[in-house]
Amino acid sequence: MRVGVLALQGDFAEHIQVLRRLGVEAVEVRKPSDLEGVNALIIPGGESTTIGRLLTLSGLRPEITGRALEGMAIWGTCAGMILLGKEADRLLEAPLGLIDIKVERNAFGRQVDSFEVDLEVPKLGGRPVRAVFIRAPVVREVGPGVEVLARLPDGTPVAVQQGKLLGTAFHPELTDDTRFHEYFLSLAEN
Amino acid sequence: MMQLGADGVFVGSGIFKSENPAKRARAIVLAVTYYNDPKILAEISKDLGEPMRGIDVRQLAPQELLATRGV
C-alpha cells in the first residue's frame, strides 16, 4: 500500500507522520508524475482556494479526478473535504466535485472559534473520536449516495463517505487516535 | 527557507514595491510548494522584474528613522 498525500499547501506533513507510524509508505504529491504507483490519496487541510488554484497550476486536477473515477480511495480533511465536494460558498476555484455534498466553508467563525469535541462515529466503534475543528467547514447538503459517518450534537454532518471517497471537516491527523486513518486504509485495500 | 525546514513563508507588503507584484507573488507561492524541484524553481523565477529596492539608512531623514519614532 502506497498512499499519496497532496503536498501543495497545508498540513500534509502531519498526515504523512500518521501514515508512517502505521507502517504505510507515504509519498508527497505535487505533480502528476508523483501519483504513479499511488493506491490512495489524502487531500489535507489548508486553505481551500489556494489548494484549488495549485491543483489547476500543477496539472493534478484532471489526474486526480480520473483516478477517482477509476476507483482510487481519496480522503479530504477540512479544506480537502471542501475540495472533494460538489459546491462550496465563497470558493474562488471550482472544487473537484467528486462527493455529492454542499459545503459551508469556515462555518464556525474566526480562529478564536476553533474547538475540539468528542464525536460518536459508529463505523469506528468503541470510544468517541476527539475531533479538532480549525476554522472548519460543515456539510450543509448531502446527496442520496452519501453516507453520514458523524454529526455534531446539533445534527450537522461533519464526516461523510461516498464509496471510496471520504470527507471529514475535522483533523484526525492532529490527534493520537489513528482510527480514521486505519478506516481509510481499509477502504483503499478493498 | 523551505529547504532549511520552514513550514511556510510570510510575504510582507514590500512585495508591492517590486516591479510586478502579482507575478512575484505567484512565483513565491510556487517556490514554497516546489522548493525541492530545481527545474520548476528555475522556470518560475524567470522575468520577474525588479524586486523591492533596499533603502540605505544614511539616506533617510531623521524623522523617518525607526530609532527616533515615539521618542
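Predicted model: local features only at pLDDT ≥ 70, side-chain atom pairs only at ≥ 80, totals over all residues.
Residues are numbered from 1 along each chain as its sequence is written, chains are lettered from A in the order in which they are written, and side-chain values use heavy atoms, with hydrogens and water left out.

Trainee: How many residues of chain B are in contact with chain A?

Mentor: 8 residues of chain B, against 7 of chain A, with contact meaning heavy atoms within 4.5 Å.

Trainee: And which side chains meet in a salt bridge?

Mentor: Asp37(B) and Lys31(A), at 3.2 Å, N to O. The count between the two chains is 1 (a side-chain nitrogen of Lys or Arg within 4 Å of a carboxyl oxygen of Asp or Glu).

Trainee: Which helix of chain B gives the most to that side?

Mentor: Helix α1, residues 21-33, with 4 residues (helices are DSSP runs of H or I, at least four residues; strands are runs of E, at least two).

Trainee: New topic: what's the strand order in the open sheet of chain A?

Mentor: β5-β6-β9, with mixed pairing; two strands pair if DSSP finds at least two bridges between them.

Trainee: Which strands stand at the edges?

Mentor: β5 (85-88) and β9 (138-142) of chain A; each has a single partner strand, so one side of each lacks a neighbour in the sheet.

Trainee: In what sense do β5(A) and β6(A) pair?

Mentor: Parallel, over 3 bridges, with β6(A) covering residues 99-104. Ala88(A) stands opposite Val103(A) there.
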